[in-house]
Amino acid sequence: MTPTRRALLGASLALSALPAAAQTRLNMLHMFIPAGPGGGWDGLGRAIEQVARGANMVGTMQFENVGGAGGTVGLPRFVSQRRGRGDALMVAGSVMVGAVLTNRAPVGLKDVVPIARLTQEVGVVVVPASSDIQDIQGLLAAFRANPGGVAVAGGSAGGTDHITLGLILKALGRNAREASYVAFAGGGPAQAAILGAQVRAGISGYSEFSEQIKAGRMRALATTGETRSDPAVPTLKESGLDVVTANWRGVFAPPGIRPEARENLTRFITDLHALPAWRDLLQARGWDDAFLPGAEFERYLQADIAATETVLKELGLA
């Protein structure tokens, strides 16, 4: 072997011996979901588990679901029972921002530690397949005639779904307080109410109803984004209403954790977000990537709380 070939071989072996970029690994992670099973927050928590386990980024994961009032029932429990724990995360999002304000909850997102915003999702307005309402104009006509007579299922009071309904009524020249809004703690119960025709319509994140829409059990009337997320479904905006809403979701740590624990959790979520498996999952679920870590997320959250409070007051919901 020539000296040159020996040198090249030695360099190759040296490079192969270098460790790959280390991913943050947690031996234990307690995932707290302040909502019932089957909804968007639960779905995000399970998605984190799926990808983290597949990448060997976590040893043991434990889940706890405590639903009610847009997360304001579970939030105080997370704050008190997980305080100072660097191995715990809570899933929450824009729904909780509105619920804290609407319910005038003493414990809010100001009492937990923002780790990262992960996803954003447009909403969808649906009716059961058996409904006599065939399109969004039919539903808007019913709202114009008698909004109180059109029961609409959605997430917790004051959340994104409720705000969307309020904005629709406001755009139609009606008062948001006239709405007949039926709040549910999780996506599962809301779906059951819609499919059972206990309500006339429903509003939620698109992914929560997507399987029912694909199966033909629900009819999608409109989405809430700036542009179409489903080519076959118009947006509220193109249907004549100046209404655009989206629902973000992210993860938070309990109060009182040490700075190094916060950094470790932020790195864990950042590493997970960088995985191809995470990108594939987002595409499969129809979630938009809205990653915003650490201090950036904290600044965004403060602005979102202020903007949501303004909207809720305008709609008479806070």
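Okay, let's start at isoleucine 115. Setting aside neighbours within four places in sequence, isoleucine 115 is in contact (heavy atoms within 4.5 Å) with Leu89, Val251, Phe252, Ala253, Arg262, Leu265, Thr266, Ile269, Leu292, Pro293, Gly294 and Phe297. Before I go on, this is a predicted model, where local features need pLDDT of at least 70, side-chain atom pairs count only at pLDDT 80 or more, and totals for chains, interfaces and linings use all residues. Residues are numbered from 1 along each chain as its sequence is written, and side-chain values use heavy atoms, with hydrogens and water left out.

So where does Ile115 sit? The largest nonpolar core has 60 residues, and Ile115 is among those that touch the most other members, along with Met90, Phe252, Ile269 and Trp278. Helix 2, residues 40–54, gives this core its largest share, six residues. By nonpolar core I mean buried Ala, Val, Leu, Ile, Met, Phe, Trp, Tyr and Cys residues joined through side-chain atoms within 4.5 Å. Buried is under 20% relative accessible area, exposed is over 50%, and partly exposed is in between, with a 1.4 Å probe and protein chains only. There's also a second, separate core of 22 residues, including Val127, Leu140, Ile203 and Leu221.

The C-alpha atoms fill a box of roughly 90 × 45 × 30 Å along the principal axes. Of the contacts with a separation of 6 or more, 79% are between residues 24 or more positions apart.

Now helix 9, residues 259–273. Its end C-alpha atoms are 21 Å apart, which agrees with the 21 Å that its 15 residues should span at 1.5 Å a residue; the expected span is 1.5 Å times one less than the number of residues. Which residues of helix 9 are buried? Ala261, Leu265, Thr266, Phe268, Ile269, Leu272 and His273. They cover an arc of only 155 degrees around the axis, so they are on the same side of helix 9; the arc is taken from the directions from helix axis to C-beta atoms.

Over to helix 7, residues 187–195. Here the buried ones are Gly187, Ala190, Gln191, Ala193 and Ile194, and their arc of only 160 degrees puts them on the same side of helix 7. Their cover includes strand 4, strand 5, strand 7, helix 8 and strand 8. After helix 7 comes alanine 197, with a positive phi near 60 degrees.

Then there's valine 199, in the loop between helix 7 and strand 7. Valine 199 counts as buried because its relative accessibility is 6%. Beyond four places in sequence, Val199 touches Ala151, Ala153, Val182, Ala193 and Ile194.

Strand 5 (151–154) and strand 6 (180–183) run parallel and are joined by four bridges; strands pair if DSSP finds at least two bridges between them. From strand 5 the chain goes through helix 6, residues 160–171, to strand 6, and this β-α-β crossover is right-handed. That is, with the strands pointing away from the viewer, the path from the first strand over the helix to the second runs clockwise.

Conventions. Helices (H or I, at least four residues) and strands (E, at least two) are DSSP runs, numbered from the N terminus.
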